[in-house]
Every structure is written in C-alpha cells, then in structure tokens.
Amino acid sequence: MKVAVVGATGAVGQLILKTLERRGFAADEIVPFASERSAGKELPGYGTIQPLTDETVVGYDLALFSAGGSTSKAWAPKFAAGGATVVDNSSAFRMDPDVPLVVSEVNPEAIGDARKGIIANPNCTTMVAMLPLKALSDRYGLSEMVATSFQAAGGAGQKGIDELAEQIPVVGKDVDALVHDGASAAALATPSTFAKTLAFNVVPLLGSLDDNGYTDEELKLQNESRKILGLPDLKVTPTCVRVPVMVGHAIAVRATFDQPVDLAEARDLLAAFPNLVVDDVPTPLEAAGRDETFVGRIRLDLSDPKTLSFFVVGDNLLKGAALNTVQLAELAVASVA
Ligand code: A2P
C-alpha cells in the first residue's frame, strides 16, 4: 500500500500524516508532496518532499489531497490515471455527479460511486452539521434548515491560524481602544486572509460573494448538505461567520422536519449516533483536538413542533478535514479488500 499525501506541509496535511499513524493505517510507504517551494526538503519521518510532476504521481494506491482546489483539479485526475484512489479535501470535485461526497458515518455506501477514482471530502463547516442532521433526518425527515456558522481561523489553513495569532497581541494591547474606539483597535492589524481584523471581532463575510448575496462558503453548506443527505430539495438558509477561535467550527442549526419531533427521543437519537456526543454546552475550545462532534442546546422550537434547534461543534481540521479523509481512505481500502 503506497500512499501519497499532497499538501503534506499544510495544517491539514500534517494532521493527515498524524492521523494515518494514530489509526495504524496499513501503509507500506507514505510519500509527502507539496509545492515547488518545499520540494526537495526533508519532512522528518517521511523523507524528501516530492514535487507534482507527470513522473512522480504514478504508481500509488491512494492519494490524499489537501493542497487547494486548483492543485486538486490539475493533479487528482493524474494520480487516479496513474492507479490511485484519490480522497480530495478541496471543493474541486465535490459537486461532480461522478464523484461521491462522503461523511464516513453518514453515507459510506456512496463510496462505490467513485467513477473517476476520486472521492470528495466535504467542506469543514458542512461536515460538522451532517452527523446530527443525519441522525434526526432518518427518523423525522429533514425538509428545511437555517444554519448560522461560527467558523475558526484554522478553516483557512495555516495562514489563517498565523494571522489570528499575530493579531491577538497587537489588537489586544489597547483595551481602552477595544472598549471605546473599536475602529482604531481594528486598524492596528492589516487583514489579509480574513475580510476584516479577526482578533476580538466577528466577521460575517467568509469567501466570495455571489450575485444573490450569499458567499461561496454559504452555498457549499446548501449544496453539499443536499448531496450528502440525499435530499435535493432541502431548503437551506446559511450564514457563515468567522470568529476569533483557532480551531473548532460551531453551527447554530434550526432544523424543520416533516413530522413533529419528540425532544427526548431526538436526544437519544443524537446520543446513539456514531462519533456524536451530546454535551450540554459544546464549545470549540473543548472540541479542538477531538475526533468526536459535540451537540448541545437541543430544544424544540417555541412555536413549531416540527422544528428543533441545536448547537453543534467539531474540530474543523480533524473531523472537518484530516480525520474524515483518513476514514474515507479506510473505507476505500475495505471496499476493494
Ligand atoms: P507548501 O508548504 O510548499 O506551500 P495550508 O492550507 O495549511 O496553507 O496548506 C496548503 C498545502 O498545500 C501546503 O502543503 C502547500 O505546500 C500545498 N500547496 C500549495 N500550493 C501547491 C501547489 N501548487 N502544488 C502542490 N502543493 C501545494
């Protein structure tokens, strides 16, 4: 079993390597790939970082990609043509009808539809919502959701983590300005990855705006949820917000079903779902570094018995990216065994 990890120097790529090791993935050889900037350097424990060339991408059983959409678009089909099953963490192929979009606990059977030899890993925000929605939808029939995300800096990769870490001491040093003149506190930092200064702030614009007033990140939440849950008519009202958290995406979900919801039964369904933990007050800080997804604040709507609200939190780098990627690799290996 020869495994390529593409984007091995990035925030998610590093975690893919760790997760393969932690789960005892049966690889004979793991080969790191990254950009031309890194190629030729040593990655401790994994040897020389390889560049992506027509020659280097041939002969793998598996290729796990987390190097951005354009790299995936150009190179995932070449790895597949060279013999690999590709698990791609970018948005490049997620909505391709010949590429399954899979959450390992939710729709593992879809892995058999990998007609291009590529399996897509969902967006890290969508991922967090899928476990509780699947648990409830199987019983009550999900028809509609309003989903408001609180997304960590780490969703933007290492550069997002670095930008927030750099801003915190700079913006935080003048508490008086933070309290009385926020605009001058915000001006102490120069945003680059995020639309506005993120430290001590909340930024309600994430990704690029479409003509309809929604961002691409928000449309991913709609389109990917429909595909993963197999609900093409699901109505979704998404709002994606960046918050000054390093790791751990949270979503406040208001979900409406075809049938009235029994609160006690809903809690039981959520608690029984694999890798989902019911926690009265789930927070990103406590979810960071954990494999499970945490759901709490579960409550019936005050006016609609078919509507349930809850707050769900997951580690965007682990379940939202690296862990699910490795779980999909495990499923792919099991499906050919
Ligand atoms: P590099 O470290 O050489 O730039 P993150 O999302 O944390 O920023 O990580 C992105 C990952 O994708 C890194 O490993 C980065 O490698 C890799 N990468 C970025 N652009 C390319 C490219 N054009 N070809 C291959 N790997 C790339």
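This is a predicted model: local features need pLDDT of at least 70, side-chain atom pairs count only at pLDDT 80 or more; totals for chains, interfaces and linings use all residues.
Figure 1. Helix 1 comprises residues 11–22. At 1.5 Å a residue, the 12 residues of helix 1 should span 16 Å, and the end C-alpha atoms are 17 Å apart, which agrees. Just after helix 1, Gly24 adopts a positive phi of about 65°.

**Figure 2. The packing of helix 1 against helix 10.** Two packed helices are described by the angle between their axes and the distance between the axes. For helix 1 and helix 10 (residues 318–336), the angle is about 50° and the axes are 9 Å apart. Helix 1 is therefore oblique to helix 10. The crossing of these two helices is right-handed. From helix 1, the contact involves Val12, Leu15, Ile16, Thr19, Leu20 and Arg22; from helix 10, the partners are Leu318, Ala321, Ala322, Leu323, Thr325 and Val326. Classed by type, the contact of helix 1 with helix 10 has 9 nonpolar, 2 polar and 1 charged residues.

**Figure 3. Lys18 in helix 1.** Is Lys18 buried or exposed? Lys18 has a relative accessible area of 56% and is exposed, because a value over 50% counts as exposed. Lys18 and Leu323 are 305 residues apart along the chain, and their C-alpha atoms are separated by 9.6 Å. Leu323 is one of the residues of helix 10 that meet helix 1.

**Figure 4. The packing of helix 3 against helix 7.** Helix 3 (residues 124–140) and helix 7 (residues 216–229) pack at an angle of about 40°, and their axes are 10 Å apart. This angle makes helix 3 oblique to helix 7. The crossing of helix 3 and helix 7 is right-handed. Thr125, Thr126, Met130, Leu133 and Lys134 are the residues of helix 3 in the contact, and they meet Glu217, Lys220, Leu221, Glu224, Ser225, Ile228 and Leu229 in helix 7. The residues of this contact divide into 5 nonpolar, 3 polar and 4 charged.

**Figure 5. Helix 7 and the elements that cover its buried residues.** Which residues of helix 7 are buried? They are Glu217, Glu218, Leu219, Leu221, Gln222, Glu224, Ser225, Ile228 and Leu229. The elements covering them include helix 3, strand 8 (142–151) and strand 9 (235–242). At 1.5 Å a residue, the 14 residues of helix 7 should span 20 Å; the end C-alpha atoms are 20 Å apart, in agreement with this value.

**Figure 6. The packing of helix 3 against helix 8.** The axes of helix 3 and helix 8 (residues 263–272) cross at roughly 130° and come within 9 Å. Helix 3 is thus oblique to helix 8. The crossing of helix 3 and helix 8 is right-handed. Helix 3 contributes Pro132, Ala135, Leu136, Arg139 and Tyr140 to the contact, while helix 8 contributes Glu265, Ala266, Leu269 and Leu270. By class, the contact of helix 3 with helix 8 has 7 nonpolar, no polar and 2 charged residues.

**Figure 7. Phe200 and Arg297, two residues with a positive phi.** Most residues other than glycine have a negative phi. Phe200 is not a glycine, yet its phi is positive, at about 60°. Where is Phe200 placed? Phe200 belongs to the loop between helix 6 (182–186) and helix 7. With 48% relative accessibility, Phe200 counts as partly exposed. Arg297, also a residue other than glycine, has a positive phi near 50°. Arg297 is located in strand 12 (residues 293–300). The relative accessible area of Arg297 is 46%, and this residue is partly exposed.

Terms used
Residues are numbered from 1 along each chain as its sequence is written. Side-chain values use heavy atoms; hydrogens and water are left out. Axes are lines fitted to C-alpha atoms, for helices over the stretch in contact, and angles run from 0 to 180 degrees between N-to-C directions. Helices (H or I, at least four residues) and strands (E, at least two) are DSSP runs, numbered from the N terminus. Angles under 35 degrees count as roughly parallel, over 145 as roughly antiparallel, 65 to 115 as roughly perpendicular and the rest as oblique. A crossing is left-handed if the near helix is turned anticlockwise from the far one by less than a right angle, and right-handed if clockwise. Contact means heavy atoms within 4.5 Å. Ala, Val, Leu, Ile, Met, Phe, Trp, Tyr, Cys and Pro count as nonpolar, Asp, Glu, Lys and Arg as charged, and the others, Gly among them, as polar. The expected span of a helix is 1.5 Å times one less than its number of residues. Buried means under 20% relative accessible area, exposed over 50%, partly exposed in between (1.4 Å probe, protein chains only).
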